[in-house]
Amino acid sequence: MASGKIKGNLAMLVSKTFSGLNENALRYLLPTWMSAYSGVVMRLGFGSAIFWVIGLFTRRDATSVTLRQRAMLFSLGAVCVFGYMYCLLIGLTYTTPISSSIFISMQPVWVFVICVIFLHEHVTWRKVIGILLGLGGALTIILTQKGSDIATDPFKGNMFCLASSVLYSLYLIFEKQLLKKIDKITVSKWTFLGGFFSALVMIAFTGWFAPVLHQSLFSTPMLVLLFVLVFTTVVSYFLITIGLRNLSATVVALYGYLILVVASIASYVLGQDRFSWWQMLAIGLIVLSVYFVEIAEIKDNTNA
């Protein structure tokens with residue numbers, strides 16, 4: 001058990017470090033080197049192809065899944081994985097990596113709210129305070145961030161990032177349940193296939209725009225794209241399944257903090273954001289929010 005938790009925490013540490021840098025990498029690419037729509041197709045298409053190839057070499061260890069389970073995995077990918085990536089890339093087109101990361105850090109709050117609604121989880125005053133503080137942090141960013149040369153339409157971008165955070169929380173909860181009976185490669189290949197299917201339907205209506213693909217292999221835009229496809233898509237999602245197998249969905253969501261830390265440091269260094277006291281207030285509120293939710297979660301588990 002202890003070794004499993006160590007493995008899970010290490011997997012999430014690496015995964016969320018990549019995810020933090022993913023915010024900055026995508027902000028660099030969007031919208032000059034690719035549209036958000038094309039980016040979604042490339043990420044889900046690349047991830048799906050890689051996981052299905054890996055599946056060819058792990059067939060002996062793969063879980064036998066029913067048609068119903070495949071449909072569930074496919075649907076989870078078509079709605080939650082696609083929806084999360086779509087909203088994230090649209091959001092990052094208009095807002096900054098730090099603002100996007102603030103909403104991602106709210107995942108433990110959304111996980112709790114979803115568990116209350118669907119799984120009838122116990123409600124305590126600490127959790128209610130946590131939710132209110134989290135909503136206060138989100139509203140602070142939504143209402144105070146103004147348009148600038150680095151954030152052309154922050155309100156629109158922040159609303160999409162908020163939606164991506166909720167969709168990713170749904171993904172964590174449902175995938176956690178599926179991983180109890182199905183191996184991680186099978187889960188990944190079917191969810192990514194579902195997401196890729198939705199992305200293809202979307203691109204048929206939006207059109208393709210990806211000048212990055214016309215750059216040389218060792219150009220900066222192409223190297224940034226390869227980092228997004230390999231490390232923040234395939235490697236990161238593979239590590240998340242390891243984390244979900246060994247840790248609770250709430251603890252996995254809590255690692256969203258690391259995304260905020262990494263993205264904030266990189267954003268200031270790269271000039272992708274400017275310091276704001278309102279931003280600091282929002283971060284403080286969300287830190288307190290997750291603290292109250294986590295303390296309540298620990299007390300519930302102890303009493304149980």
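Helices (H or I, at least four residues) and strands (E, at least two) are DSSP runs, numbered from the N terminus. Leu13 sits in one of them, helix α1.

The model is predicted: local features need pLDDT of at least 70, side-chain atom pairs count only at pLDDT 80 or more, and totals for chains, interfaces and linings use all residues. Residues are numbered from 1 along each chain as its sequence is written, and side-chain values use heavy atoms, with hydrogens and water left out.

Stay with Leu13. Leu13 counts as partly exposed because its relative accessibility is 40%.

Now turn to Leu76. This residue lies in helix α3 (residues 67-94). Leu76 is buried, because its relative accessible area is 7%. Leu76 and Trp190 are 114 residues apart in sequence, yet 8.8 Å apart in space, C-alpha to C-alpha.

Next comes empty space. Rolling a probe the size of a water molecule over the atoms shows where such space is left. On a 1 Å grid over the protein atoms alone, a cavity is a set of points where a 1.4 Å probe fits but cannot get out; lining residues have an atom within 4 Å of a point. The lining of the largest cavity has 14 residues, and Lys16, Ser19, Tyr84, Tyr168 and Tyr237 lie nearest its centre. Two elements give two or more residues to this lining: α1 (2-29) and α9 (220-246).

Definitions and conventions. 1 Å grid on protein atoms, 1.4 Å probe; cavity = no way out; pocket = protein on both sides within 12 Å on 5 of 7 lines; lining within 4 Å. Buried < 20%, exposed > 50% of the residue type's maximum accessible area, 1.4 Å probe, protein only.
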